[in-house]
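Have the sequence and the 3D view open as you read.

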Amino acid sequence: MLSIVFHKRRRLVRRLFFNHEQVRTMSRVKRRTTHPPYWHVLKNNQRQDEKISSDNLRFVREVIQDKYKNKSPIKGSDLDIEKKEWDPKTKRSGVIARNIGVQHMWEKDGKKVVCTVLHVLDNHVIRYVPPEEYAKSIIGAKVFRNRKPLGCLVVGAEAANPDRFTRQYCSLFSEVGLLPKKRLARFIVTPNAVLPPCTPLTAGHFVIGQAVDVYGKTIDYGFQGVVKRWGFKGGPASHGATKFHRRGGTIGTGRDKARVWPGQKMPGHMGSERRFCRGLKIVRINMKYNVIYVKGTVPGPTNSIVQIFDTLLPRRKFTEAPPHPTYFPPEDGTLPQEDIWDSSLHVFGSPSISV
Amino acid sequence: MLRRAVLQTFRQGLAQSFFKRNAVSLSETTVTHQPIETSDEADEKSVSKQKPGDESGNTVVVAPPEFRFMYPEFLPDPAMERRNRLKEKLERIDMLQRRSVVEIPEFYTGSVMAVTVADANSPNKFARFVGICIQRGGSGLRAWFILRNVVDKQGVEILYEMYCPLIQKIEVLRLERRLDESLLYLRDALPEYSTFPLDMEPERRLNNSVVPINPLKVKLRPRPWLERWERQNLQGVEDLNLPQRFYDKAEKVAKPWEKYDLMLQYRKTIPAEEQEKIFADVHSQLQQQEFKRKIRRRRGIDNEQ
């Protein structure tokens with residue numbers, strides 16, 4: 001009883017001292033761009049109407065196949081395991097996935113649970129950037145300004161036809177000998193969780209019951225008014241209200257500062273912003289289709305790309321070693337269990353729940 | 001060569017699907033006055049129904065066309081932004097798994113059903129409710145239906161999720177269809193039209209092959225009503241006997257051009273080729289489950305004897 005009262009008081013105190021300065025400074029930060037950063041290489045080919053004969057097209061396709069066919073996937077035995085021992089401070093790689101929708105499942109007591117279905121695409125490690133080098137890069141310098149630098153793994157997903165990309169973009173993958181990927185992502189890793197290039201990452205990288213953080217870009221609502229964007233109440237629908245139904249109303253006092261404060265809530269672009277959903281629990285993994293079911297919802301619309309990695313929340317981190325540095329299928333040919341369920345979930349093929 | 005052949009069949013398929021959609025409406029809003037065949041009859045007729053489809057000469061098994069009325073929840077939500085083939089496939093697998101444990105029979109709006117649910121607050125730990133299905137909807141594991149009954153002069157409606165594991169048993173006591181796809185007007189009708197005895201026995205149908213359409217016209221209570229029934233083109237309701245101004249306003253507000261709107265129809269339905277693929281996938285598994293259940297029933301009867 002005492003603890004509840006204490007929490008209420010703390011919440012009241014927090015509301016009284018709302019930090020306006022933080023809101024004002026963050027309002028000047030640019031939250032979205034339509035162009036990639038200037039240090040990125042030009043990615044997509046300018047489509048030109050080249051009239052190539054069907055024979056030449058076939059030849060080009062054969063050349064591509066020959067160039068990329070001899071790469072065999074990295075196995076677990078290729079890594080030296082002595083260097084790669086897991087400890088609680090290890091940061092493993094993450095994975096690029098597609099949010100393919102939402103499915104309802106039920107727990108063993110009959111309670112319904114909304115689960116997001118994430119399809120782990122064909123991820124491969126492209127490159128490892130060691131800590132010293134990464135700390136010198138523009139983003140690395142910002143991230144590790146006041147702490148010890150960590151390494152960075154570049155992971156790619158969704159292989160595509162090299163024809164649609166520029167030569168510079170394809171060269172990022174040619175050292176590794178992989179077909180160019182549509183999506184790239186960087187994951188911060190400790191040096192003991194480094195993976196060699198061309199290592200495949202699958203749904204087995206994660207463990208049932210673990211907590212993950214999912215990064216995605218939220219749904220793009222476009223230019224939205226103040227009622228939808230900031231939750232303003234607007235005005236009365238009737239009772240003589242003249243042209244004041246969904247407007248913002250007053251935007252300042254006139255006395256203090258005598259101007260509109262920066263960060264004043266107004267209509268504008270809503271959505272398409274980077275967000276993290278922290279601490280989502282993995283309740284089911286399907287190894288055959290490389291699909292993860294995560295309890296809760298993730299940022300972004302259906303069929304959008306998200307990044308999944310082990311949670312940063314301190315109380316939900318691993319206590320036992322996970323598949324480290326990643327999961328490799330057993331080399332003796334035995335297939336893993338196809339569909340793994342969390343113990344709290346009701347499996348559909350099992351008998352009905354009787355309370 | 002193969003590519004050209006594939007493109008040709010694709011174009012033909014498109015044209016065919018266009019005509020199919022024109023000729024036979026696949027949306028839920030229209031009322032088909034043809035009686036629908038049941039699964040038994042459908043089985044007898046079309047177990048060997050095969051399409052001379054493939055180039056390789058293999059015959060392709062196709063589910064009977066009635067499946068889209070018998071199992072509408074296997075079709076996904078038509079909204080294109082949220083569709084994903086892999087997720088729909090995985091959801092169908094889960095649905096079939098659940099169906100292997102509990103028999104979810106074929107039913108329509110207007111059928112009288114009894115549902116037994118595990119309930120911690122009941123004396124027997126199970127709660128059984130009998131009612132008439134007034135509406136059904138949802139797709140995949142979210143599929144639901146609403147049962148309505150009048151208990152102690154109080155109208156009661158319960159929404160059941162078809163794939164919820166708390167459901168122990170779903171029985172269809174009277175399998176029939178009505179003249180409308182949604183019977184929400186029973187809320188404004190006289191209570192005798194929604195009253196069904198809670199200890200109702202399952203009725204044996206004389207003609208097992210065809211699902212009958214009950215041409216009952218329901219009498220509504222005097223106004224006020226919950227909805228403007230005169231604006232909804234209801235077939236299963238007696239003459240509303242309203243002043244002419246209601247019908248005039250209904251005409252003003254009506255959208256008679258919608259029945260000519262092809263794109264609206266297209267966006268509300270799944271194309272015929274996809275439907276065929278989905279039900280072909282599901283057909284064989286459902287048949288196997290039905291077969292196993294029949295054997296179990298026969299064994300049960302033999303054991304009793």
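A residue counts as buried when its relative accessible area is under 20%, exposed when it is over 50%, and partly exposed in between, using a 1.4 Å probe and protein chains only. Glu88(B) has 10% relative accessibility, so it counts as buried. You'll find Glu88(B) in helix α4 of chain B; helices are DSSP runs of H or I with at least four residues, strands are runs of E with at least two, and both are numbered from the N terminus. Leaving out residues up to four places away in sequence, Glu88(B) touches Pro76(B) and Arg83(B), where contact means heavy atoms within 4.5 Å.

A quick word on ground rules: this is a predicted model, with local features needing pLDDT of at least 70 and side-chain atom pairs counting only at pLDDT 80 or more, while totals for chains, interfaces and linings use all residues. Residues are numbered from 1 along each chain as its sequence is written, chains are lettered from A and ligands numbered from 1 in the order in which they are written, and side-chain values use heavy atoms, with hydrogens and water left out.

**Chain B as a whole**

Chain B carries 7 helices and 9 strands. It has 305 residues, and 41% of them count as buried. Among its contacts with a separation of 6 or more, 69% are between residues 24 or more positions apart. Its accessible surface is about 18,400 Å², with 52% belonging to carbon and sulfur atoms; such areas come from the Shrake-Rupley method with a 1.4 Å probe, and for residues only the protein chains shown count as cover.

Where they touch, domain 1 of chain B puts in 13 residues and domain 2 of chain B puts in 14.

A salt bridge puts a side-chain nitrogen of Lys or Arg within 4 Å of a carboxyl oxygen of Asp or Glu. A polar contact is a pair of N or O atoms within 3.5 Å; within protein, one must be able to donate a hydrogen and the other to accept it, and residues adjacent in sequence count only if both atoms are side-chain atoms.

| Interface | Buried area | Carbon and sulfur share | Salt bridges | Residue pairs in polar contact (both at pLDDT 80 or more) |
|---|---|---|---|---|
| Domain 1 and domain 2 of chain B | about 1,200 Å² | 52% | 1 salt bridge | 8 residue pairs |
| Chain A and chain B | about 2,300 Å² | 59% | 2 salt bridges | 11 residue pairs |

On the chain A side, β1 (95–106), β2 (112–120), β10 (274–286) and β11 (291–295) each supply at least two residues of the face that touches chain B. The largest share, 7 residues, comes from β1(A). Glu161(B) pairs with Lys112(A) in a salt bridge, with the closest N and O atoms 2.7 Å apart.

Back within chain B, Glu73(B) and Arg136(B) join their side chains in a salt bridge (3.0 Å, N to O). On the side of domain 1 of chain B that touches domain 2 of chain B, α4(B) gives the largest share, 5 residues.

Key
Buried area = accessible area lost by both parts, 1.4 Å probe.
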